[in-house]
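I opened this notebook to record what I looked up on helix packing and aromatic pairs. The entries follow in the order in which I made them.

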Amino acid sequence: MIFKIKPILLLLLLVVLPAAQITYSQTKPKTESRPKLFNDTTATDSAYLIAIEKADEVMESAYKDADFQRETYRLFGEIKRTQSKLDQIFGSLKGANPNVRNQQMYRIVLNEIQQELDEQNNAINEHNTKLEKIKKRVIDLRKDKTLIGLLKDTIRRKQFKKEFANLKSKYLSTDSLMTHNQGLLNAKKRLTVQRRIAVSNALVMVENRLEKSGISIVKKEYPFLWNTSDAVPNKAVTQNLKAKIIIEENIAVYYLSYRAGGLMALVFFMGLLVWYILRNIKYLKTKGLDENLSHFSFTYLNKGVLLPVLVIGLNIAVVSNLYAPALFIELLQLFLLGILTVLFKNNWSKVAIRNWGFLLALFGTLCFVDLFIGIGFLQRCIMIIINIFGVRYGWVQLKTIKEELYIKGFFKWASILFIGLNALAILFNIFGRVSLSNMLSLTSFIALTQIIALSVLLKIILEIILLQIYTTRIKRGLEKIFDHESLSDTLKKPFIIVITYMWIVVIASNLNIWESLRSSFQSLLNRPNSIGSITFTLGNIVLFFIIIWVAHLLQKYVAYFFGEIDDENEENINKRQHSKLLVTRLVVLTAGYLLAVAASGMPLDKLSILLGALGVGVGLGLQNVVNNFVSGVILIFDKPIQIGDVIEISSESGRVKSMGLRTTKINAPNGAEIIIPNGNLLSQSITNWTYTDNFKLVEIAIEITGEVTPDEINAIVIEALESLPLINNTRAPQIFYTAISDGKYKLQIKFWCSIYRTEETISSARQVLFASFKAKSLGFST
């Protein structure tokens, strides 16, 4: 409601002030006589000036606060953009096909617009409240008795004529500004209220359409197929088709602009992935090892990088745009299937490619009929024909495609779902449930094609991971080809869970049941439960275990990205990297458990009780567990032993295979794996043969007979040892004579070699020495 500031003070300010101007002196006359009006006050000229100055400050601040056009610039811009959105949505609602995809998109967008309107309405209310507060500050001026007294004194009022004129000017400006802004806010508020009513009505219409196409409603929507006839002229059909194409294009373009931020972020991250893959491939090419990628049975990365990354991006786009309009999501699906066709061209058999092309043709025809042709007898017959071909295709031709896929287990269920949904679509179409039939038909094809795309997605991700592992190993100087098949089988298990979830979400969304399922699960997971004084929700418990599971997966698989694949024969092991990995695993586990406790919503006071109970448990029977855990942490940071070290402890010896937070595994020379609690490692003396380096001093005792001098023997030994690559020649061999007699010498030869190949080096040294002395016709024994 438009209001004006009209308190008593301002009415008096509007009175025409006397024309005669009286000069003012700040010095008060000594003999000044007070008017009778002020006999009961002690006001002075100084007090009057202070009151006028205060009123002037109030007027000035009121004007500044009322001038909030900069603050409302963004608000009014949002209101204008909201109107543009509504114009497009309302226009498309009238003529678009009432399919589930479009209605879901309308519902999501309308709900968001409704939220925007609520926020805009709240912002307008805040500004109205601000204007009311400004008005109150001006009205409060009449409580100033000094100023009111001055206004009642006509003589004094003439004395302060100039100051009153200034106050009058500021009042008029403030009043005009507030009146204008109040009217503007009221007009905008009226618009938001009207739009909110329109949005509510549109939401009711969308919900009704979705309800009609819902699976739970079995009543007839259209006449039975044999009672349907097309009496629409061809010209009208053509015009209707063109109008629908324009509408669907406008909807898709609107959604593209609506989701531009998220799509641009996806493009950016896919660009980073392309750069990352190309960098690894380029590094392998510079080393001349890019041909070794053929040993990893790459199916897609060997055809280039762009198409595989597009497959990843499009799969993510399909799952992250569940409520996109039908044209947008179907074009996205067809584009994805087109890229898959290029990737399949040289990998699949001719029969499989032919059957794949037939599937694409059926899917494309279904999309065109569902989007652009009005519902009539012709459309229903075309849909039935597509469904019949779909049922036959599922029974006969899908087997050839199954043999070409990386994951075959899910394809069985996808085939059953494909055949079942097409058969149901035929029945619903015949008996008048056309919307439901269309929805089931589209879901059947999307379910089948999506599981094929997700299978390709998983294979591409595994190829990227294998490429990263191999490149990292090359950088560390390890060119050995590792067992990639068993590693892929290990890595794909968590990814199968992810793609299963993606597949189920896509199917449920197309069947228009995802929102209901999600709401049901949310209500189930968020419902509070109580045990004694502890209140919890099932969602917090599930989230607790999910975070712990993810933390354990990360700490288990993080080593793969650093080139660690449990290669038992690796000699040049990077102990520093292993130490970093152990610290990383410890950090990941610790952060995971802390995050899980925080996500569980457990109060700190209850947690302290739990920790107290845990302390009692430690005191009663968990001393060894805690001792081993703390010892593991000390071993990780103190580093008396590291992975790859050759150690001796008590009567056991071997190479450290892995170090955990509770135990350490050692590979014994005889092939046994010794598991030692970490507490034992810290409490006993350890001999670490590789603490400083990987070389060990070994010795060979030999006996030489024949006519030869010690100098000649020394020369033969040194020459023979220098010819062995297994011996560390940076440290000179040592030769000691334990006995010398005529024609008979007993020697002890010491030299350095890799501790990982000690026995092999000693054996090779004996053979070379034997051959060298025999060549000189000297006797040799050892």
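The entries below cover the basis of the values, an annotated region, an aromatic pair and helix contacts.

**Basis.** I worked from a predicted model, in which local features need pLDDT of at least 70, side-chain atom pairs count only at pLDDT 80 or more, and totals for chains, interfaces and linings use all residues. Residues are numbered from 1 along each chain as its sequence is written, and side-chain values use heavy atoms, with hydrogens and water left out.

**Annotated region.** I found residues 110-144 listed by UniProt, in an unreviewed entry, as "coiled-coil region"; such annotations may be inferred rather than shown by experiment. In the model, I read 86% helix and 0% strand over residues 110-144, with 52 Å between the end C-alpha atoms. Helices (H or I, at least four residues) and strands (E, at least two) are DSSP runs, numbered from the N terminus.

**Aromatic pairs.** My search of the whole structure returned 16 aromatic pairs. I noted Phe 358 and Phe 389 as an edge-to-face pair, with 5.9 Å centre to centre and 80 degrees between the planes. Rings of Phe, Tyr and Trp (its six-membered ring) pair if their centres lie within 6.5 Å, and planes over 60 degrees apart count as edge-to-face. The pair links distant parts of the chain, 31 residues apart: Phe 358 lies in helix 12 (residues 350-372) and Phe 389 in helix 13 (residues 377-396).

**Helices 13 and 16.** I then followed helix 13 to helix 16 (residues 434-475); their axes come within 11 Å and cross at roughly 35 degrees. Axes are lines fitted to C-alpha atoms over the stretch in contact, and angles run from 0 to 180 degrees between N-to-C directions. The contact (heavy atoms within 4.5 Å) includes Met 383 and Tyr 393 of helix 13 and Phe 445 and Leu 448 of helix 16. By class, I recorded six nonpolar, five polar and one charged residues there.

**Helices 17 and 19.** Helix 17 (residues 484-510) packs on helix 19 (residues 538-557) at about 150 degrees, with the axes 11 Å apart. Thr 490, Leu 491, Pro 494 and Ile 497 of helix 17 meet Trp 549, Leu 553 and Tyr 557 of helix 19. This contact of helix 17 with helix 19 has six nonpolar, one polar and no charged residues.

**Helices 24 and 25.** I found that the axes of helix 24 (residues 710-722) and helix 25 (residues 758-775) come within 9 Å and cross at roughly 135 degrees. Among the residues in contact are Ile 713 and Leu 721 of helix 24, and Val 768 and Phe 773 of helix 25.

How values were computed
Nonpolar A, V, L, I, M, F, W, Y, C, P; charged D, E, K, R; others polar. Phe/Tyr/Trp six-rings, centres within 6.5 Å; stacked < 30°, edge-to-face > 60°.
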